[in-house]
Amino acid sequence: MSRPLGARLALAAALCITLGGPVSAKDVPYLVGRVNDYANLLSPPDKDRIEAKLRAFEEQTGAQVVVLTIDSLEGEALEAYSVQVAQTWKLGQQGADNGVLFLVAKQDRQMRIEVGYGLEAKLTDAQSVRILDNLVRPRFRQGDFVGGIEAGIDAILGTV
C-alpha cells in the first residue's frame, strides 16, 4: 500500500535525521552579492562590472538577478539545486517573487536560469533555454566564460 506524499516526506526527513544524513548533498553557498563566483570564472574587474549592471537594474526595476558559479553540483540534480538556492537566498522582493538565478556548474557543464513566479510571464522557460543555447553555450564552448555569462545576463535583463 502506498503512503500519502506527506507521510513519505515525513518518513524521509525522519530517516535523514535518524541516520545523520544531510537532506541535500550540496550545501548552498553564502550569498555575497549579485555575483557569487565560487568557480572563479570571472576576474575582479569583470565581476565588478557585472555586479554594477545588476545593481543598477535592480534599483531601476525592483527585479533581482543573481549569478552563481560553482565548480560542481556534486551529484545533485541541477533543477532541484537551483530551486534550493533561490529559496534559500530568497531572491526577489517579498510578495513579488521577482528574482532570477543564473547558475553555472563548470565541471558538470550544466547551467540553468531559475525564474521566480513573478517574472515567469516575462522570462519563460522557452526564452531561458534559448538564452542558454544560443548566447551562453557557444561562448562557453570557446572557453569564454566571461562573455557567456555577460551575454546571458544582458539577455535576461533585456527580456525582463
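User: What percentage of the 160 residues of the protein chain count as buried?
Analyst: In this predicted model, 42% of the 160 residues in the protein chain count as buried.

User: And how much accessible surface is there, and what share belongs to carbon and sulfur atoms?
Analyst: The accessible surface of the protein chain comes to about 9,100 Å², with 52% of that area belonging to carbon and sulfur atoms.

User: Changing topic, how many helices and strands are there, and in what order do the elements run?
Analyst: The protein chain has five helices and four strands, and from the N terminus on the elements run α-β-α-β-α-β-β-α-α.

User: How are the strands arranged in the sheet?
Analyst: The four strands form an open sheet in the order 1-2-3-4 with mixed pairing, in which strand 1 (35–37) and strand 4 are the edge strands, each pairing on one side only.

User: Which strands run parallel, and which antiparallel?
Analyst: Strand 2 (residues 64–70) runs parallel to strand 3 and is joined to strand 3 by seven bridges, with V66 standing opposite L101, whereas strand 3 (residues 99–105) and strand 4 (residues 110–115) run antiparallel and are joined by six bridges.

User: What lies between strand 3 and strand 4?
Analyst: Four residues lie between them in a hairpin, and R109 in the turn has a positive phi of about 55°; A105 has Q110 in strand 4 as its bridge partner.

User: Which strands does helix 5 lie across?
Analyst: Helix 5 (residues 145–159) lies across strand 2, strand 3 and strand 4, and runs at about 160° to strand 2.

Definitions and conventions
Residues numbered from 1 in each chain as written. Predicted model: local features only at pLDDT ≥ 70, side-chain atom pairs only at ≥ 80, totals over all residues. Heavy atoms only, no water. Helix = DSSP H or I, 4+ residues; strand = E, 2+ residues; numbered from the N terminus. Buried < 20%, exposed > 50% of the residue type's maximum accessible area, 1.4 Å probe, protein only. Areas by Shrake-Rupley, 256 points an atom, 1.4 Å probe, with all protein chains shown as cover. Pairing = 2+ DSSP bridges. Contact = heavy atoms within 4.5 Å. Axes fitted to C-alpha atoms, helices over the stretch in contact; angles between N-to-C directions.
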